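I opened the notebook today with two things to look up. I wanted the ligand surroundings first, then a few helix pairs.

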Amino acid sequence: MAGRNGKKGFYEESMETFYRAADLIRMDRRVRMELEEPDFEHIFYVTIDTRDRLVPLPEEELPRFVDLRPSGVKAGEALEPLADGAFILHRRALLSADITMRQGVINIPGKGFFRLEPGGPRKFKAYRIQHNQVRGPYKGGIRYHKDVTLDLFKALAADMTWKTAIAEVPFGGAKGGIKIDPFAYSREEIEHLSLRYVYKLKNLMGPFLDIPAPDVGTNGEIMAYMMRQYTDGERQHHAMRGVVTGKDVRIGGSEGRSRATGQGVVYCLEEWAREKGFDLRGARVIIQGFGNVGSAAAEILDSLGAKIVAVNDAHGTVHRDGGLDVTALMQYVHHDPRNLRRSVAGFPGGTPISKSDFWGIDADICIPAALGEEIDGPVAERLKVKLVAEAANGPTTLEGDRVLEARGIDLIPDVICNAGGVTVSYYEWLQNQRLEHWTEAEVNGRLEQALKKNYALIRDVACDRARRTVLYDSRSYCVGKPIHVRTAAKVVALKRIEVHYVLEGFSQ
Ligand code: NAD
């Protein structure tokens, strides 16, 4: 079975902590069965019509076309650049153009030689895995990525069940998405794809049934398309805004949602630092991934006086020992229209280094905020940090966990570290139900308390510190001996889920 990054048996590996925690709390056998596989695995296909493209001519073919007369395309803006180097050819580009084409190849001065690749219908594999809903509607992100698999979505959907329980939000767990490289498609194609996805899924989702949110490769704009498709033709569409979260604030999204996951990571870091007597001011931080989560965490940490000394993403790594200028990096990655891949690669304010050197940088905190299974045994051996704060889902392998523990490197597990996103998604959903709009201060105040409290509770369970504080009571969660912090998080989640089955029973 393919894994989170295409490796073998990832789902089974990800469930190992589940079984360990279930054994520790002597979980009822029937409840175990309800949780060890998802409720539903929806796999379906979405088809869209794609546009004609101009694809860069491979270098080895160039000599055959060097004498090709240049073509004049006056409506230059009708050639829409894609991050993979191709251009979408909008028909209006041809209206006043003077074109010479040979064997489908065209020479556009200033842009290069391209082969015309005709558009047409294209089919994509899509998924929605609904893991569990005993605590509330299925909830989880939508990922558009070329390497997604059923195994990956099963693991991520189960993670959402544990995470919503840990964050104490009344939702279950789900995950889904489409196997596609979103950077190779135009905005319009992605819009059509998202509409088709919801068209197929409509009967299986809803504000009280299954609530998607953004994840890797998706964003608030895509959530707006999904909401539009779901509510299309409905007379009471405003009552259905809660069908997706992570929407733009102007159409029912919550203040603070776009930065919530990064903000949540920082609240966990503050709680860790408080207990350790560590000062985040001046702390040296390395971050993998500078998308929604990584860049928000970087910005907030920078504002607290920490130094972001290196950032790695899918296309490169930048390093500056004295600390990168995060504002300039944000501008370069997210607001420069020429940076189509939204990558840190080529940022002039830092030195490019290899990914392998990135892991070996001397720092205090490592924040993986990209994809899964990045910190395996060898990477964990190389890390020179005090703490790994898992902003991504599943960034550390079991072997990575063992090495980090043996080396005395602390860990904030993903299910609490990145739970800020789903927590504020719940606030967004609540605001949608009540037709309210909360301030960012109100959102962050609630988020801070929810995350710090539950992270402190997990740490109590990890070091078997049974106690009652003004905020929580860890006595009913502790298992009578110290356990790994990842298992402790799972113990908290499973106890909160199990009680629903114990008290409510099982539907037949
Ligand atoms: P994003 O698409 O906005 O950004 C992903 C980042 O990861 C990009 O910078 C990309 O270049 C980088 N990346 C991709 N492949 C990489 C590779 N092989 N090596 C190095 N970097 C790579 O995604 P996001 O929303 O920021 O999500 C990042 C992680 O956080 C994911 O694991 C996601 O599941 C998790 N997460 C996201 C949210 C949320 O609210 N968006 C909530 C909880 C967890």
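Predicted model: local features only at pLDDT ≥ 70, side-chain atom pairs only at ≥ 80, totals over all residues.

Entry one, the ligand shell. I sorted the residues around the ligand by type and got 10 nonpolar, nine polar and five charged. For the sorting, Ala, Val, Leu, Ile, Met, Phe, Trp, Tyr, Cys and Pro went in as nonpolar, Asp, Glu, Lys and Arg as charged, and the others, Gly among them, as polar.

Residues are numbered from 1 along each chain as its sequence is written, and side-chain values use heavy atoms, with hydrogens and water left out.

Which residues come nearest to the ligand? I found Asp215, Thr261, Asn292, Ala370 and Asn393, out of 24 around it. A residue is in if one of its heavy atoms lies within 4 Å of the molecule. Helices (H or I, at least four residues) and strands (E, at least two) are DSSP runs, numbered from the N terminus.

I took pairs of N or O atoms within 3.5 Å. Thr261 puts a polar side-chain atom 2.8 Å from a ligand oxygen. Phe290 uses a polar backbone atom, 2.9 Å from an oxygen atom of the ligand. Lys355 has a polar side-chain atom 3.3 Å from a ligand nitrogen. I then checked burial: the ligand taken alone exposes 830 Å², and the protein buries 86% of that. The areas are Shrake-Rupley with a 1.4 Å probe.

I fitted axes as lines to C-alpha atoms over the stretch in contact, with angles from 0 to 180 degrees between N-to-C directions. The axes of helix 2 (residues 29–36) and helix 16 (residues 485–504) come within 10 Å and cross at roughly 115 degrees. That makes the two roughly perpendicular, a label for 65 to 115 degrees; under 35 is roughly parallel, over 145 roughly antiparallel, and the rest oblique.

Helix 14 (residues 420–434) packs on helix 15 (residues 440–462) at about 135 degrees, axes 10 Å apart, so I logged helix 14 and helix 15 as oblique.

Helix 5 (residues 187–201) and helix 6 (residues 220–231) have axes that come within 9 Å and cross at roughly 45 degrees. I put helix 5 and helix 6 down as oblique, too.

How values were computed:
Polar contact = N/O pair within 3.5 Å; in protein donor to acceptor, adjacent residues only side chain to side chain.
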